[in-house]
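Subject: A structure for you to look through

Hi,

Here is the structure I promised to pass on. Please open it next to this email and follow along.

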Amino acid sequence: MKNLKLSLLLLPALLLLTSCEKEDENDGSTFERVEGTLSWSGDYAVDGCGFQLQVGEQSYKPINEEDIADSYKSASPTPVEVKMINFNRKEKVPCGLQNAEKNIIKILDIRRRE
């Protein structure tokens, strides 16, 4: 009887976990670990453009800027190593008084480089 009760409690949890929708593996997104520079151009409230990650010639706009520590808000670019999801698409994002089309990413982990 005890095993039956435990099974009845675990069954909904198992169903919930297996029924959660995964991101489409064929949506073009890729996980990447890159080295680049993170720049801060100011808060949106004062016509800034927030954070931007520069990797070589490519620039990226993090969609989860609120997860980036305030210590990265610096007047000079910060060398970083980033683990990210690259969505491999551009979206219009706020920047100053206009919207700019940027390559979008989601930062999963960020660390300063020396």
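β1 and β2 pair in the antiparallel sense, over four bridges. Two strands count as paired if DSSP finds at least two bridges between them. The strands themselves (E, at least two residues) and helices (H or I, at least four) are DSSP runs, numbered from the N terminus. In this pairing, Thr37 stands opposite Gln54 of β2.

A note on the source before you go on: this is a predicted model, where local features need pLDDT of at least 70, side-chain atom pairs count only at pLDDT 80 or more, and totals for chains, interfaces and linings use all residues. Residues are numbered from 1 along each chain as its sequence is written, and side-chain values use heavy atoms, with hydrogens and water left out.

β2 also joins β3 (residues 58–62). Three bridges link them, and the two strands run antiparallel. Here the bridge partner of Gln54 is Ser59 in β3. Two residues sit between the strands of this hairpin, and Gly56 takes a positive phi near 60 degrees.

Now look at the two faces of β2. Phe51, Leu53 and Val55 make up the covered face. Gln52 and Gln54 make up the uncovered one.

Which cysteines form a disulfide? They are Cys49 and Cys95, with sulfur atoms 1.8 Å apart. The rule is a pair of cysteine sulfur atoms within 2.5 Å, and the count comes to one disulfide. The link of Cys49 and Cys95 is right-handed, with 75 degrees about the S-S bond.

Next, the whole chain. From the N terminus on, the order is α-β-β-β-β-β. Of its 114 residues, 29% are buried, meaning under 20% relative accessible area with a 1.4 Å probe, protein chains only (exposed is over 50%, partly exposed in between). Take the contacts (heavy atoms within 4.5 Å) with a separation of 6 or more: 58% of them come from residues 24 or more positions apart.

Last, confidence. pLDDT is the predictor's confidence in each residue, from 0 to 100. The chain has a mean of 83, and 77% of its residues reach 70 or more. Over residues 14–24, pLDDT stays under 50. For that stretch the model has three contacts beyond four places in sequence.

Best wishes
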